[in-house]
Amino acid sequence: MRFRFAEASAPLVAGVGILLLWEGSLWILSPDGFVLPPPSDILGSVGENASELWTAARITGWVVVSGLVVGVAFAVAASLLVNRFRLAREAVTPLMVAVNAIPIIALAPIFNNWFGLTSPRSNQIIVVLLVFFPVFINTVKGLSLADSSQIELMETYAASQWRITREVRIPTAMPLFFTSLKVASSLAVIGAIVAEYFGGRQDALGPMITQAAGLTRYADAWAAVLVGTIVGTILYFLAVAAERAAMPWHDSVRRGSI
Amino acid sequence: MTTEAIRATDVSKVFNLGKTNQVAALLNIDLVIEPGEFVTLIGPSGCGKSTLLRLIASLIPTTSGSISVNGKTAEQARLDQDYGMAFQKAGLFDWRTVAKNIELPLELMGWKSSERKARSKEMLDLVQLGDFGNHHPAELSGGMQQRVAIARALSFKPSLLLMDEPFGALDEMTREHVQDELLRIWQDTDTTVVFVTHSVPEAVYLSTRVVVMSPRPGQISTMIDVDLGGRNQFTRDDPGFHQAVTEVRKALRVVGA
Ligand SMILES: Nc1ncnc2c1ncn2[C@@H]1O[C@H](COP(=O)(O)OP(=O)(O)OP(=O)(O)O)[C@@H](O)[C@H]1O
Ligand SMILES: [Mg+2]
């Protein structure tokens, strides 16, 4: 977990190298920058449209974060219920499997009809649904992996089921939960932007991309994609930080992997 | 008349009753253990030692027969936290520090934080891990982890200790040290101990009575009283000790171990 210059600079060097290669090869292959603009154009567009991009990032970011928080909260609550009550497990699991099979992003135009074309509500719900399943499935699995001898030990202390969940099942589930949280944080950004293609506020990142691409202003479209990438990266590293804070005892954290 | 620490009457245990993988683990076990006894269960692998311990702990139900602990049902004794248990596996919680592992039963019993800390420190010194309170179990060797599990079982000074091969993972030196500590605790407090082991010398060194079990189905084959008085560094060289060891070995040969 220590911060070393060599470790931190390696991805930086790699990143700059890729950008230079990109810029250089376009110079030779496609000087008009029609399909793929060079990074310098994209950065230029970010500079020109900074205030619109900042507004869009806040609007889309809010859809992402609110959807992520609500989706994860529901997923954790549902997995605790399903783990605790066999009846809930039997009643809910087939339903979950069926709902999980729905291509959720395809529901965006339908939800827009329900909640109004310019309301961000439908986009939030898309994000909630997208985030729910990976977190739910992994957390249920994690809770069920609790060591039976540790549970027996708790039973020798006459601990309540809830106490056993708190002391044994939840800590056991943490590694899988945080892995799913990292997956969910990327899914949330994808879900929010794609859902915005179909409706919601028009000054969000999604509409910026479709509008710019429609007008063949590709550098502007890529600038919006870049901002979306930054939102996703920030969320990912927030999830990593939360993981490290929540389970400093775990091998993967002690060895500093992400 | 004092109440017996444990009374098992005609206890049988069948796993997966009525299914194709049915296993008769224990058959017609009668065993009475008085308060203050140190009883060791020994016998070939699979003869039902762990099962008997788990029945006494009320972690699994009997198929027939009844078990009372401290004059109550085994279930009630569990709910009253009458016993401490150490398992074959250390079973420490990776997410708790060593000290917090030892304090776990105390937390569940509602002890105050300062009292818990004092007790876990005392227990850590007892198992010679005084400097490791703030470490996580992953940083400890297998034998050290096992000592933490023993400290955890002893932490609330229960009147009954159920121990399933707790010293299996320890090296000879540590093992003898922890044996002596266990005997000291047993003598100082009036704890009753039921102890499972595979080691004949360990059984003889520790116990007032050795219960030899036979497999398929698990039954009590012989009980051997051991009367060596107070143990010390000379006990293992004592002719009486060797005689008892030979006696237990003979009983084990009879049951095919
Ligand atoms: N949960 C269970 N389900 C089915 N069978 C079981 C279960 N627990 C134990 N058994 C069976 O009961 C028998 C006795 O097992 P037990 O664990 O009590 O043996 P043991 O004497 O402790 O052996 P060891 O010395 O190897 O620890 C074995 O045949 C075992 O397969
Ligand atoms: Mg066993």
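Biologist: Which residues in helix α2 (residues 39-48) of chain A are buried?

Modeller: A:P39, A:I42 and A:S45 are buried there. Buried means under 20% relative accessible area, exposed over 50%, partly exposed in between (1.4 Å probe, protein chains only). Helices (H or I, at least four residues) and strands (E, at least two) are DSSP runs, numbered from the N terminus. This is a predicted model: local features need pLDDT of at least 70, side-chain atom pairs count only at pLDDT 80 or more, and totals for chains, interfaces and linings use all residues. Residues are numbered from 1 along each chain as written, chains are lettered from A and ligands numbered from 1 in written order, and side-chain values use heavy atoms, without hydrogens and water.

Biologist: Why do the buried residues of α2(A) line one face of the helix?

Modeller: Seen down the axis of α2(A), they fall within an arc of 120°, so they line one face. The arc is taken over the directions from the helix axis to the C-beta atoms. On the other side, A:L43, A:G47 and A:E48 are exposed.

Biologist: What makes the approach of B:K49 to ligand 1 a polar contact?

Modeller: A polar contact is a pair of N or O atoms within 3.5 Å; within protein, one must be able to donate a hydrogen and the other to accept it, and residues adjacent in sequence count only if both atoms are side-chain atoms. A polar side-chain atom of B:K49 lies 2.8 Å from a ligand 1 oxygen, so the pair qualifies. A side-chain N or O atom of B:S50 is 2.7 Å from an oxygen atom of ligand 1.
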